[in-house]
Amino acid sequence: MPIATTDPATGEVLRTYDEMPPDRIDAAIAAAHRAFAELRGTSVAQRARWLTAAADLLDAERDDIARVMTTEMGKTYAAAKAEAAKCAAACRFYADNAERFLADEPADAAAVGARRAVVRYQPIGPVLAVMPWNFPLWQVIRFAAPALTAGNTGLLKHASNVPQTALWLGELFGRAGFPEGAFTALLVGSSAVERILTDPRVRAATLTGSEPAGRSIAAIAGRELKKTVLELGGSDPFVVMPSADLDRAAEVATTARCQNNGQSCIAAKRFIVHADVFDAFTERFVDRMAALRVGDPMDERTDVGPLASERGRNEVAAQVRDAAERGARVLCGGEVPDRPGWWYPPTVVTDLTPEMRMWGEEVFGPAAGLYRVSSYDEAVEVANGTSFGLGANAWTRDPEEQERFATDLDAGSVFVNGMTTSYPQLPFGGVRNSGYGRELSALGMREFCNVKTVWVGEGGPSAGAGAHAE
Ligand code: NAP
């Protein structure tokens, strides 16, 4: 895939970049290694101050970097500005909480025959971050803010279609005060990842992206015995039960499916509706989806812009066409408009069956699948019936059902009566083919830490006696 900025609204290639040659990649790894030696010697308080400076830059340059994101991948300008603001807020969250998250945790010293026993969180070194284009700032910041504040350094291999955002990010942390080489953007294609990850100076990798990319990186890292965090795809269920507030559920369903032009890993993608309210919900949902304004992503009135790539748009169109050809009904949308750029309208498809692609695959665009179920058990069965397990949504005012959904939905997060969202305060990640490991919260900060056991005895002859020596 060429490294280039291509405007998805027109299909016009605006700027192309040469891939970094191997010697520059090596120099960046060496710089990250050197910066790690320096960064690990700084205090958490100092790193937190640099992170606050990064937040200030994000706020000050919000409109400019938002325009770059909209130009490179087509999200609406309003959404891009909100993304930059969320990044600044996440930096401030970690700046405010890093000392607490990284403080020594006392353990029961007497129980282990010690004078003092603690768990200490220490950085592990340079981490390779392979990132996607869909939230080109947020996906990177949610890794980098906690990782750098913990004392690690980062090497960013961003998606090939967002090079200008990548370069801006590659300079952000240095401008904020972090040591030179602490965070570098490598303009490379995916074929360079193996070489970088096998370098002994690179200690771990995090990937946000597709399942095939996850399998590839996990295989390389497994061979090299390196830690990975994988944030992969999802096909999140959105269950609507008879007691739900249908107006609110339909409103959130529309936003959840079409946010970021339908290209969010935690977008609700499968709408599983109890038969008692199926028609009433469907009417509300289809009306709202059909009323969304598709158009110029720079226009503040636009709800849905173009998809990020021609390949991605064609994939969504093919998934919907496959369902229609096998007997599904398209309730709105479903036609690729005849205009330059990579557009796809908000679409609702029902009467889906397991042999259709939309049943089991992730649909990365504004096309929703509607499923009719007749009981709680059937709702859970359909909701858990794909290989994914990222987020899940349930709409019910019945307190007992709320608790049951929270337990029974097999996903990394369950949101009841609200939209699945990532918050710096809450862990984020998936189960099954949606990946493993957690980002955000204290857990995200500790993923790339050596969780070190420190045991200190009296130093006398009987210290540690009686313990099983393993
Ligand atoms: P993708 O093809 O996997 O690309 C993501 C990143 O991985 C890019 O930097 C890409 O580089 C790189 N890459 C691709 N194949 C690779 C390989 N074999 N080895 C190493 N690196 C590789 O993903 P996408 O289709 O563009 O993005 C959408 C996917 O990401 C969806 O499945 C979505 O659900 C998922 N996603 C997950 C989360 C989450 O938090 N769980 C968040 C956002 C998106 P190039 O651009 O150079 O190919």
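A256 is found in helix α9, residues 246-258. Helices here are DSSP runs of H or I with at least four residues, strands are E runs of at least two, and both are numbered from the N terminus. This is a predicted model, in which local features need pLDDT of at least 70, side-chain atom pairs count only at pLDDT 80 or more, and totals for chains, interfaces and linings use all residues. Residues are numbered from 1 along each chain as its sequence is written, and side-chain values use heavy atoms, with hydrogens and water left out.

Back to A256. The relative accessible area of A256 is 2%, so A256 is buried. Buried means under 20% relative accessible area, exposed means over 50%, and partly exposed is in between, with a 1.4 Å probe and protein chains only. In sequence, A256 and T420 are 164 residues apart, yet their C-alpha atoms are 7.7 Å apart in space.

For another pair, take G389, which is found in the loop between α13 (376-383) and β15 (391-395). G389 is buried too, at a relative accessible area of 3%. G389 and A27 are 362 residues apart along the chain, and 39 Å separates their C-alpha atoms.

Now the backbone. L225 is not a glycine, but has a positive phi of about 55 degrees. L225 lies in the loop between α8 and β9 (227-231), and is exposed, with a relative accessible area of 75%. N260, also not a glycine, has a positive phi of about 55 degrees. Is N260 buried or exposed? N260 counts as buried, at 8% relative accessibility. The place of N260 is the loop between α9 and β11 (268-274).

Next, the ligand. Which pocket holds the ligand? The ligand sits in the largest pocket. A pocket is found on a 1 Å grid over the protein atoms alone, as an open set of points with protein on both sides within 12 Å along at least five of seven lines. To sit in one, a molecule must have more than half of its atoms within 2 Å of the grid points.

There are 29 residues around the ligand, and W133, S160, S210, L232 and E362 come nearest. A residue is counted there if one of its heavy atoms lies within 4 Å. At least two residues of that shell come from each of α5 (138-149), β8 (204-208) and α8 (211-224). With 3 residues, α8 gives the most.

A side-chain N or O atom of S210 is 2.5 Å from an oxygen atom of the ligand. For the side chain of R142, an N or O atom is 2.6 Å from a ligand oxygen. M131 uses its backbone, with an N or O atom 2.8 Å from an oxygen of the ligand. On its own the ligand has 900 Å² of accessible area, and the protein covers 87% of this. That area comes from the Shrake-Rupley method with a 1.4 Å probe.

Last, cysteines. A disulfide is a pair of cysteine sulfur atoms within 2.5 Å. How many disulfides does that rule give? The count comes to 0. C91 is in no disulfide, and the nearest cysteine sulfur, on C87, is 6.9 Å away. C91 is buried, at a relative accessible area of 0%. C449 is in no disulfide either, with the nearest cysteine sulfur, that of C91, 17 Å away. C449 is buried at 9%.

Methods: Polar contact = N/O pair within 3.5 Å; in protein donor to acceptor, adjacent residues only side chain to side chain. 1 Å grid on protein atoms, 1.4 Å probe; cavity = no way out; pocket = protein on both sides within 12 Å on 5 of 7 lines; lining within 4 Å.
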